[in-house]
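Please read this briefing with the sequence and the 3D structure side by side.

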Amino acid sequence: MQEKDEVAEVRQKLAKAAQMLLFKHHREPGARRWELRRALGRNYEEIVKALDAELEKLGLTVKVVGEGDSESDRFVVTFREHPSLGDVRTFGWRIDDMSMLAMTLATIVARGGKVAGKEVQRILEEKFPKWRVESAIDRFIRMGYLQEDEKGVLYLGWRARAEVDEKALLSLLLGREKKEG
Amino acid sequence: MTQRERRELIERIIDLCESVRSRGLDPFDVQVRELLDRLRELFPELKRLEDLYLDLRAVSGLADVVVHQSEWLKHRSSILYLDPLLVMLKMQVMEPAELADVFVRCWRPVVEMESITPSAIRMGLDYWTELPPLSERGLEIGVAETRTGRISEEELREMGIVSEEEFSRLMEEEWKRMLREVGREGISYWKWVCAKTFEETVRRSWILSFLISYGYVDVEVKPLEEEIVIRPREKPVQPGETRSLVIPVTYEEWRRHAGKGRGG
């Protein structure tokens, strides 16, 4: 009987963890470490691990994004593998926007984690009109891909750290040769 | 060296250190040892309190540069380090579609869902209960309150009125058409926007407002002739000092100008 109660309790906590990680709270998805501990108890890490195993069956995984102090670490659910380019178009992304984001993120990573916003804008304006560039950068900041300080310097935002494999991005860029013809 | 020259030199050092911090200048471009030697030479000649304060800021700035050099070295020695110039050159020769493909291969999007909560439903019900009927809110005598407001491109996209792709296409088409049909001579605002229907007129004026805001079209207001002339630019320019120009596109105004426009 006691064992049955424990199983029910774990199931309940698993459901709670899934709700916390999958549904948006306020404006951003996921939950902080301290929120999970408060809601799930001391063994929250075990519950998250069990949830990750369940999500694996769906092609998803739990990812932890560092935010300075460990209590503020953000737990989110992401794809386990990258989507295909065709799939992404059905997510509402334009190829132009993805290329602008790739260019911006790679520039920031290659320059050691920060770059002046004006510099990024100048680079992007070589291939896209100014109004598109401005609107894209604003949107990337709002979405959390970029972070901007009061001097207009751009850094990687929480979403870029959660979603983008920086090492793979640079390796892919350098491993790619321009197609002839 | 005069006092003024000494001060200028120290201020230049402070600016240089600031550039490393705020503009991402390569910290190894700063010759820290050489600059410290210069400050050391100048120090005995500094008598005024303000000069000593500047010297302090310069030394502190150079210390900050050394911290940045240390971080830079750590980054370069990490597995992530690749020459930025090499990365930039690679990206320059890639097509947008290729860049997008690279991005997708290293991207694992966050899964997020939205849902209304029971407490939000309760709040909605409470609001409904407390909201007086229209008849009690002073609207029964047929006075409708109309407020002007701004609607952004993004809001329109969210409302499904226009997609971003569609919007870009509309803007480019309209700009090119204006270049082709009007040229540098320009055309009266109303002559350009006025169409056979009021809806089409509003649409044209809306697109034109974005072309003006983004510097694709120049506007000249002629107060004596009571005319507004628009001229397409060959290349968009970055607006310097911005100003607002309100042109109400009302049904009455459209009726007044109808027949004088370019139609279509």
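**The sheets of chain A**

Strand 5 of chain A and strand 6 of chain A are antiparallel partners joined over three bridges, where two strands pair if DSSP finds at least two bridges between them. This is a predicted model, in which local features need pLDDT of at least 70 and side-chain atom pairs count only at pLDDT 80 or more, while totals for chains, interfaces and linings use all residues. Residues are numbered from 1 along each chain as its sequence is written, and chains are lettered from A and ligands numbered from 1 in the order in which they are written. Helices (H or I, at least four residues) and strands (E, at least two) are DSSP runs, numbered from the N terminus.

- In strand 6 of chain A, L154(A) is the bridge partner of E148(A).
- The three strands of this open sheet of chain A follow the order 4-6-5, with antiparallel pairing.
- Strand 4 and strand 5 (146-148) of chain A stand at the edges of this sheet with a single partner strand each, so one side of each is left without a neighbour in the sheet.
- On average, neighbouring strands of this sheet are turned by 30 degrees against each other, direction ignored.
- Helix 6 of chain A lies across strand 4, strand 5 and strand 6 of chain A and runs at about 75 degrees to strand 4 of chain A; axes are lines fitted to C-alpha atoms, for helices over the stretch in contact, and angles run from 0 to 180 degrees between N-to-C directions.
- Another open sheet of three strands in chain A has the order 1-3-2, again with antiparallel pairing, and its edge strands are strand 1 (31-32) and strand 2 (60-65) of chain A, each of which pairs on one side only.
- Six bridges hold strand 2 of chain A and strand 3 of chain A in an antiparallel pair, and V62(A) has V77(A) in strand 3 of chain A as its bridge partner.
- Helix 3 (residues 44-56) of chain A lies across strand 2 and strand 3 of chain A, at about 140 degrees to strand 2 of chain A.

**Chain A as a whole**

- Chain A has nine helices and six strands.
- Of its 181 residues, 31% count as buried, a residue being buried if 20 or more other C-beta atoms lie within 10 Å of its own, exposed if 12 or fewer, and partly exposed in between, with C-beta atoms placed from the backbone.
- Among contacts in chain A between residues at least 6 apart in sequence, 53% join residues at least 24 apart; two residues are in contact if their C-beta atoms, placed from the backbone, lie within 7 Å.

**Where the chains meet**

- The contact between the chains takes 53 residues from chain A and 43 residues from chain B.
- Helix 5 of chain A gives the most to the side of chain A that touches chain B, with eleven residues.
- By class, that side of chain A has 31 nonpolar, six polar and 16 charged residues, where Ala, Val, Leu, Ile, Met, Phe, Trp, Tyr, Cys and Pro count as nonpolar, Asp, Glu, Lys and Arg as charged, and the others, Gly among them, as polar.
- K24(A), found in the loop between helix 1 (2-22) and strand 1 of chain A, counts as exposed because it has 12 C-beta neighbours inside 10 Å.
- Not counting residues up to four places away in sequence, K24(A) touches P29(A), E112(B), M113(B) and E114(B).

**Nonpolar cores**

- The largest nonpolar core has 37 residues, and those with the most contacts inside it are L101(A), A102(A), L105(A), A106(A), L169(A), L99(B) and F103(B); such a core is a set of buried Ala, Val, Leu, Ile, Met, Phe, Trp, Tyr and Cys residues joined through C-beta atoms within 7 Å.
- Helix 5 of chain A gives the most to this core, with ten residues.
- A second, separate core of 17 residues includes A17(A), M20(A), L36(A) and F75(A).
- L99(B) touches S99(A), A102(A), M103(A), M91(B) and M94(B), again leaving out residues up to four places away in sequence.

**Strands and a helix of chain B**

- Strand 1 (residues 187-188) of chain B pairs with strand 3 (residues 227-232) of chain B in the antiparallel sense over two bridges, and I187(B) has I230(B) as its bridge partner.
- Strand 2 (residues 217-222) of chain B is joined to strand 3 of chain B by six bridges and runs antiparallel to it, with I230(B) as the bridge partner of V219(B).
- Helix 6 of chain B is hardly covered, since the count of buried residues among its 13 residues is zero.
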